[in-house]
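Biologist: Could you take me through one part of this model slowly, as if I were new to structures? I would like a close look at the place where the two chains meet.

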Amino acid sequence: MVGIVIISHSRTLAEGVAEVARAMGVGKAVVEPAGGDSEGRLGTSIDLVEQAVAAADDGDGVVLLADLGSSVLTAKMLIEDAEGDDVVLADAPLVEGAVAAASMAATGADLAAVHAAAESARDHRKTS
Amino acid sequence: MSAGSTDTGSMDAGDFAAWIRSTAGRVSADAERLTRLDAAIGDGDHGLNLDRGFRAAVEALPEDAPPGKVLIVAGRAIVSKTGGASGPLYGTVLRRAGKSFGDAAGVDAAALGAALRAALEGVQDLGKAAEGDKTMVDALAPAVAAYEAALADGSDLAGCARAAAEAASKGADGTVPMRARKGRASYLGERSEGHMDPGASSTALVLEALADTAGEG
């Protein structure tokens, strides 16, 4: 199954988004949080993100969701270093993208489908 | 510069390690100023973060490694320890530059120019910033252009590096009136105007350290 990693500046935000996404993934989707810096403060740790990707990856690939700023840059850098095509970053809002990705992943869909589901979350408007 | 320099100058692994140490010293000395700049329009941690990152880079400097490896190892330490967007960005600067050197033991003026160009392209690939967005690109891009212009005019490595440093400093000053289009400052709209971009300012420090290192010996 395609894994999902939630990268946030905040440990608690990453864990909270992962909690919501797992629920929407009906307990099947694998959603790993990577929040905060290496000491649990606000920030981003590429080491924590690498650990989360390893934990989420069972061979079918991993979709990354990131909040902003250094989370996004760290995700892109990790993908560049991986030099493969089995870890991808979704250009999507964090919560909506994570929920969409987890919902799709739980169906057993492939990496491209889960990535597309996450990015489709951009179009889910709230007032129109 | 090292013994055995050619007419146009060259830098060896020791020179690149000296550059990283010199940058770390400048960042440390200016950490409070950089953080103050960042507090005006960013999240107020640039000096502190970069100080932590370059200290880690100095500690990680390898012995008996070629220039490319020196920069790649330093870049990796910066990515791991800096925190904030400057970690991936400065890590990319050093790693892209280091990769462009391959296993060469000596780096001449042309090779250093190519490395700076690769570093700029890496930063733009990662952060998607263009000139005028009020970011480190506003210091780095004119620095690379000035280096290349000096090289084309026949300057030696030290002269090219000095031209780059002067252009970076001028570029950083030029960010003051700009409206930010990247990062936290971009949320402030016109209120981001009137402040120097901290990333452009720290980029000027990095290039001043390079010029001083290249000009020594």
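Modeller: Happy to! Let's begin with who takes part: chain B brings 19 residues to the contact, and chain A brings 13 residues. Keep in mind that this is a predicted model. Between chain B and chain A, about 1,200 Å² of area is buried, and carbon and sulfur atoms give 50% of that.

Now for the charged pairs. Five salt bridges are found across the interface of chain B and chain A. One of them joins R76(B) to D47(A), with 3.4 Å between the closest N and O atoms. The rule for a salt bridge asks for a Lys or Arg side-chain nitrogen within 4 Å of a carboxyl oxygen of Asp or Glu, so the pair R76(B) and D47(A), at 3.4 Å, qualifies. The interface of chain B and chain A also has four residue pairs in polar contact, with both residues at pLDDT 80 or more.

Which helices of chain B supply at least two residues each to the side that touches chain A? They are α4 (67-81), α5 (86-101) and α6 (109-127). Of these, α5(B) gives the most to that side of chain B, with seven residues. As for the kinds of residue on the side of chain B that touches chain A, there are six nonpolar, six polar and seven charged.

How values were computed:
Residues numbered from 1 in each chain as written. Chains lettered and ligands numbered in written order. Predicted model: local features only at pLDDT ≥ 70, side-chain atom pairs only at ≥ 80, totals over all residues. Heavy atoms only, no water. Contact = heavy atoms within 4.5 Å. Buried area = accessible area lost by both parts, 1.4 Å probe. Polar contact = N/O pair within 3.5 Å; in protein donor to acceptor, adjacent residues only side chain to side chain. Helix = DSSP H or I, 4+ residues; strand = E, 2+ residues; numbered from the N terminus. Nonpolar A, V, L, I, M, F, W, Y, C, P; charged D, E, K, R; others polar.
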